[in-house]
Amino acid sequence: MTADARDCAVGQLVRFPDPQLPDGAEELRSEVRDFIAEERANGTVMGRPDSWLSGWDRGFSERLAARGWVGMALPTEFGGSGAGPIARYVVIEELLAAGAPVSAHWVSDRQAGVSILSHGTEEQKRAFLPAIAAGRCFFSIGMSERESGSDLASVQTRAERTDSGWRLNGTKMWTGGAHVNDFAIVLARSSDHDDRHEGLTQFIVDLRAPGVRVEPIRLLTGEHRFNAVHLTDVLVPDNRVLGIEGDGWRQVTGELAFERSGPERFLSTLPVLTSLVRLLASVSTSQHQQSVVGRLVARLISLRAMSLGVASALQAGASPDVQAAIVKDLGTRFEGDLIEQVRVVSPIAPNRSATIGGHAELLAFALLHTPGYTLRGGTNEILRGVITKEVTAR
């Protein structure tokens, strides 16, 4: 593969002119690339796959925030830049493509801050949003449970009234970053109803509060990224109820569009494709290898266009829940396909013991992360149910 072909294959995703992006987007992209180059020279950007999950670096988040690139969807009144979802999209696709360590602020920036802005009290907005935008306040998602993964309406965590607030009991599973983050937005059942979608409430829970116990859930790689969070008589004051009591289901489903439609749902594995193309540029390649790369890049471009469409809808104030589900279903299947196809055409076998950051090690790392792609953020089976329900209702 020639150098020109290599640059076309790797660069097509983020370099071709895009009519959906506003004026100034390419200047912003150039600034982000310069920042990434500086960080790479300092050894903080390592080109890792799945960096939005596995790359936790408080200092990196703070430096990114100092540039105004955390909290971009938040208004200036609360410490954000007010740039909006599309400008944020430009920044995060560059960070993901580079494999930058963004997981510390990821959930706070992607959805917790937006949820607090939409449903929080004035006191909550002033308490949390400026700290989120400064890259100093990190949130986890407290939704899934052992028997309530994608089927969130079946959550068993209970919230009972006390004289001064609420008492929470239950266990949240697959809570990313709970061992290092500050808070979690926890979905709990606060009252019983025949319709299980009613009686759910969201709470802002301090992950260092008495009664909170965080238990590691390790990945196949041995990494500690996820946790079981045990809540035993955890007291939450009334001023940490997020939104309206009993309205948690509506709030959560609105939040999922932000969680499911972003470029992390198809760019997590791009560093592995980039690594392959660089490797192929140095050897003689077959037509089949070049065709595989071309098809993967074509799928990336299509997924990006769909994801940008959802970001545009969010910026316009819409709730594109079904479109977000489609992006996640297609995108996460693509992530797994990419790793398998790269493995098949790679001239070097995956090897966990190889040089860190080399192609063999990156491919081995990504292979061990593959089982999670279609599970996290809602399984693909559940997402297809959401899509089918919407289509048949029309």
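1. Trp249 counts as partly exposed, at 25% relative accessibility. Partly exposed lies between buried, under 20% relative accessible area, and exposed, over 50% (1.4 Å probe, protein chains only). Trp249 sits in helix H8, residues 248-260. Helices are DSSP runs of H or I with at least four residues, strands are runs of E with at least two, and both are numbered from the N terminus. Leaving out residues up to four places away in sequence, Trp249 touches Leu152, Ala153, His197 and Leu200. Contact here means heavy atoms within 4.5 Å.

2. A word on the basis. This is a predicted model, in which local features need pLDDT of at least 70 and side-chain atom pairs count only at pLDDT 80 or more, while totals for chains, interfaces and linings use all residues. Residues are numbered from 1 along each chain as its sequence is written, and side-chain values use heavy atoms, with hydrogens and water left out.

3. Ser191 is also worth a look. It lies in the loop between strand S4 (183-189) and strand S5 (200-206). Ser191 is partly exposed, with a relative accessible area of 25%. Its side chain makes a polar contact with the side chain of His193, at 2.9 Å. A polar contact is a pair of N or O atoms within 3.5 Å; within protein, one must be able to donate a hydrogen and the other to accept it, and residues adjacent in sequence count only if both atoms are side-chain atoms. Not counting residues up to four places away in sequence, Ser191 touches Glu198 and Gly199. Ser191 and Ala83 are 108 residues apart in sequence and 39 Å apart in space, C-alpha to C-alpha.

4. Next, H11 and H12. Their axes come within 10 Å and cross at roughly 165°. Axes are lines fitted to C-alpha atoms, for helices over the stretch in contact, and angles run from 0 to 180 degrees between N-to-C directions. H11 and H12 are therefore roughly antiparallel to each other. Angles over 145 degrees count as roughly antiparallel, under 35 as roughly parallel, 65 to 115 as roughly perpendicular, and the rest as oblique. The residues of this contact divide into 14 nonpolar, six polar and two charged. Nonpolar covers Ala, Val, Leu, Ile, Met, Phe, Trp, Tyr, Cys and Pro; charged covers Asp, Glu, Lys and Arg; the others, Gly among them, are polar.

5. Ser307 belongs to helix H11, residues 287-315. It is buried, with a relative accessible area of 1%. Beyond residues up to four places away in sequence, Ser307 touches Tyr89, Ser261, Gly262, Pro263, Phe266 and Val327. Ser307 and Val327 are among the residues through which H11 and H12 meet.

6. H12 (residues 321-345) also packs against H13 (residues 359-369), at an angle of about 140° and with axes 10 Å apart. This pair is therefore oblique. H12 contributes Ile339, Val342 and Arg343, and H13 contributes His359, Leu363, Ala366 and Leu367. Five of these residues are nonpolar, one is polar and one is charged.

7. Gly377 is in the loop between H13 and helix H14 (380-393). Setting aside neighbours within four places in sequence, Gly377 is in contact with Glu259, Arg260, Arg265 and Lys328.

8. Helix H10 (residues 270-280) is mostly covered, with 10 of its 11 residues buried. Among them are Leu270, Pro271 and Val272.
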